[in-house]
Amino acid sequence: METGLRDKGVLVTGASGGIGSACAREFAAEGARVFVQYHRGKERAEAVAAELDGAPMFGADLTDEAQADALFEQVRKELGGVDVCAAVAGAWPREDAPVWELPLERWEQTLRENLTASFLTARGFLREVAKSGHGSLVFVSSTAGIFGEAGHADYAAAKSAITYGLLLSLKNEIVRVAPRARVNTVAPGWTYSPMTRGELDQNRLDYVTSTMALRKVASPEDVARQVVVLASDELSGHVTGQVVTVAGGMEGRLIHP
């Protein structure tokens, strides 16, 4: 099916990660001109860029305002503009810490790495939309923001803020500068990626799939293809402010004993 993404300028943040790199590949497969953003995973980002015939790339800490602004300057320089932004960058703290043991330092860092980074990315992109008069923004959040995640209240709170407050505000704001521009969110559940490496042994797999109709963990491509669908004006031109959950039918209750 034609997505209409050929020759579109697409920024993928967090493109050195599992979901981000899959997004970059899927957009490139549709003929888009992809820009690869990374933070710490330079070697992985270089491999992705090389795979995409030398796609432009830029390292930036998206919790830092100056670096986030510099990213969009570089995108304009390399692509001439940006039509689509897939805001994938984020971080999941591995250690299980209930709230009564959760240090303030980790709480603030997790919010910065997820919520603040998404805000600065969205702000930079919407400034481009205000100039061009069009655009599609797709956040990647998490089912933690829908159902919560015990031991990771900081992460769940950040992702919930993206999934609800930020998304629903921006889908109304963006049309002030571009009447057909859209903002949506993909919320993955457990997904095989560098972020979850070492977390999914058989016991853990049985546990995390016990609330899912489809008893499997998503691949990065499962998530990336939904990002592409929402980004496409051809496929999702009248879809905005929506959350597509890619989690095998996960519910906030036990389905399987």
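**Close-up views of a predicted model**

Figure 1. L235 is found in helix 9. The structure shown here and in the other views is a predicted model. With a relative accessible area of 30%, L235 is partly exposed. Leaving aside residues up to four places away in sequence, L235 touches M1, E2, T3 and V229.

**Figure 2. The salt bridge between D233 and R182.** Helix 9 covers residues 233-236, and D233 in this helix meets R182 through a side-chain salt bridge of 2.9 Å, N to O. R182 belongs to strand 6, so the pair ties together parts that are 51 residues apart in sequence.

Figure 3. Across the whole structure, a search finds ten salt bridges. One of them joins R123 and D69, with the closest N and O atoms 3.9 Å apart. This pair links distant parts of the chain, since R123 sits in helix 4 and D69 in helix 3 (residues 65-79), 54 residues apart. R123 counts as partly exposed at 22% relative accessibility, and D69 is also partly exposed, with a relative accessible area of 25%. A network of salt bridges links E65, D69, R123 and R127.

**Figure 4. The salt bridge between E128 and R76.** The side chains of E128 and R76 form a salt bridge of 2.4 Å, N to O. E128 lies in helix 4 and R76 in helix 3, so this contact ties together parts that are 52 residues apart in sequence. E128 has a relative accessible area of 7% and is buried. R76, at 32% relative accessibility, counts as partly exposed. Side chains of opposite charge can pair when their charged atoms come close.

Figure 5. Strand 2 (residues 33-38) is mostly covered, with five of its six residues buried. Strand 2 pairs with strand 1 (residues 9-13) in the parallel sense, over four bridges. In this pairing, L11 stands opposite F35 in strand 2. Strand 2 also runs parallel to strand 3 (residues 57-59), and three bridges join these two strands. Here Y38 stands opposite G59 in strand 3. In a regular strand the side chains alternate between the two faces of the sheet.

Figure 6. Strand 2 runs over residues 33-38. From strand 1, the chain crosses through helix 1 (residues 18-29) to strand 2, and this β-α-β crossover is right-handed. Another right-handed β-α-β unit is made by strand 2, helix 2 (residues 42-51) and strand 3.

**Figure 7. The aromatic pair W92 and W190.** The structure holds one aromatic pair. The ring centres of W92 and W190 are 6.0 Å apart and the ring planes stand at 75°, so the pair is edge-to-face. W92 lies in the loop between strand 4 (84-87) and helix 4 (104-132), while W190 lies in the loop between strand 6 (182-188) and helix 7 (202-208), so the pair ties together parts that are 98 residues apart in sequence. Both tryptophans count as buried: W92 at 10% relative accessibility and W190 at 17%.

**Figure 8. The cysteines C23 and C85.** The structure holds zero disulfides. The closest cysteine sulfur to that of C23 is in C85, at 11 Å, too far for a bond. For C85, in turn, the closest cysteine sulfur is that of C23. Each side chain shown counts as buried, C23 at 0% relative accessibility and C85 at 1%. A disulfide is a covalent bond between the sulfur atoms of two cysteines.

Methods
Residues numbered from 1 in each chain as written. Predicted model: local features only at pLDDT ≥ 70, side-chain atom pairs only at ≥ 80, totals over all residues. Heavy atoms only, no water. Phe/Tyr/Trp six-rings, centres within 6.5 Å; stacked < 30°, edge-to-face > 60°. Buried < 20%, exposed > 50% of the residue type's maximum accessible area, 1.4 Å probe, protein only. Pairing = 2+ DSSP bridges. Right-handed = clockwise from strand over helix to strand, strands pointing away. Salt bridge = Lys/Arg side-chain N within 4 Å of Asp/Glu carboxyl O. Contact = heavy atoms within 4.5 Å. Disulfide = S-S within 2.5 Å.
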